[in-house]
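User: I am new to this structure. Please walk me through how to read its main features.

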Amino acid sequence: MNQELWNSVDSYIAGKLVGEDLDFVLKASDAAGLPPIAVSPAHGKLLHLYARAIGARRVLEIGTLGGYSTIWLARALPEDGKVITCEYSARHAEVAKANLQAAGVAGKVEIRVGAALDTLPQLSGGEPFDLVFVDADKENNPHYWQWALRLTRPGALIIVDNVVRGGKVAAASDEPMIVGTRALYDAVAASGQPATAVQTLGVKGYDGFLIALRTDEA
Ligand code: SAH
Ligand code: DHB
Ligand code: MG
């Protein structure tokens with residue numbers, strides 16, 4: 001582990017390629033007392049690039065926090081695009097709302113407050129999503145995977161954060177977060193959808209993303 005080195009490389013990447021214009025969102029979330037667990041700037045930009053690369057118009061996010069990843073995703077969409085983001089905490093949602101306003105994307109984002117497993121069913125029958133970013137309570141990841149399959153169009157990307165957790169994922173564990181994450185891998189593998197996971201190092205330590213392409217008609 002060399003966290004200092006990873007931090008300095010993340011600063012270098014941010015300085016060269018990402019920019020600092022959304023750092024105010026992280027600062028505002030910090031000042032409001034939210035935990036510092038938003039995606040890193042480099043990874044926010046990665047989500048943004050995925051959304052742009054597939055021409056996403058509708059994005060579903062599970063886990064808003066202060067809206068940092070939400071804003072990166074919203075910025076990738078056309079004027080009439082939409083991010084629907086699910087957040088359990090009314091307080092986090094309030095902080096996010098202010099950040100979305102300040103970033104100029106409030107018009108493209110709807111926050112659904114409540115436990116995602118309660119609010120996701122309300123999205124059934126709506127226009128399908130082009131991209132789903134799952135980043136909430138890891139215990140429920142296998143359920144979120146099923147909802148992502150239900151609510152997307154064929155060709156959609158489904159991305160899940162925190163699927164490596166310092167390497168803990170590769171060993172059986174009774175931590176609910178790890179149990180949920182391993183059950184996610186099993187569900188993705190069983191679904192037959194093309195998928196992989198990428199291990200990441202940086203300001204958020206050692207973790208990773210899972211990326212799946214939803215190909216089958218549901
Ligand atoms: N995606 C954000 C970080 C999300 S942190 C970013 O990168 O900027 C995880 C968030 O999920 C927290 O705000 C937490 O309150 C929320 N969360 C936890 N359990 C949830 C649930 N059951 N339904 C919806 N949101 C939940
Ligand atoms: C943590 C990091 C995350 O990206 C997240 O979504 C939840 C928790 C953490 O480091 O504790
Ligand atoms: Mg996360």
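User: Are aspartate 135 and aspartate 161 buried or exposed?

Analyst: Burial is judged by relative accessible area: buried is under 20%, exposed over 50%, partly exposed in between (1.4 Å probe, protein chains only). Both aspartate 135 and aspartate 161 are buried. This is a predicted model: local features need pLDDT of at least 70, side-chain atom pairs count only at pLDDT 80 or more, and totals for chains, interfaces and linings use all residues. Residues are numbered from 1 along each chain as written, chains are lettered from A and ligands numbered from 1 in written order, and side-chain values use heavy atoms, without hydrogens and water.

User: Which residues coordinate the magnesium ion (ligand 3)?

Analyst: Look for donors: N, O and S atoms within 2.8 Å of the metal (3.2 Å for Na, K and Ca). Water is not among the atoms, so sites may look incomplete. Here Asp135 (OD), Asp161 (OD) and Asn162 (OD1) coordinate the magnesium ion at 2.0 to 2.2 Å. Along the chain, these donors follow the spacing D-x25-D-N. Aspartate 135 sits in the loop between strand S4 (129–134) and helix H7 (141–151), and aspartate 161 in strand S5 (residues 152–161), so the pair ties together parts that are 26 residues apart in sequence. Helices (H or I, at least four residues) and strands (E, at least two) are DSSP runs, numbered from the N terminus.

User: Which residues are around ligand 2?

Analyst: A residue counts if one of its heavy atoms lies within 4 Å of the ligand. For ligand 2 these are Ile37, Asp135, Lys138, Asp161, Asn162, Arg165 and Lys204. By class, the shell has one nonpolar, one polar and five charged residues. Nonpolar covers Ala, Val, Leu, Ile, Met, Phe, Trp, Tyr, Cys and Pro; charged covers Asp, Glu, Lys and Arg; the others, Gly among them, are polar.

User: Where do polar side-chain atoms of lysine 138 lie relative to ligand 2?

Analyst: One of them lies 2.9 Å from an oxygen atom of ligand 2. For lysine 204, a side-chain N or O atom is 2.4 Å from a ligand 2 oxygen. The protein covers 72% of the 290 Å² of accessible area that ligand 2 has on its own. Such areas come from the Shrake-Rupley method with a 1.4 Å probe.

User: How many residues surround ligand 1?

Analyst: There are 21, and the closest are Gly63, Ser69, Glu87, His92 and Ala116. Helix H4 (68–74) and strand S2 (82–87) each supply at least two residues of this shell. A polar backbone atom of glycine 63 is 2.8 Å from a nitrogen atom of ligand 1.

Terms used: Polar contact = N/O pair within 3.5 Å; in protein donor to acceptor, adjacent residues only side chain to side chain.
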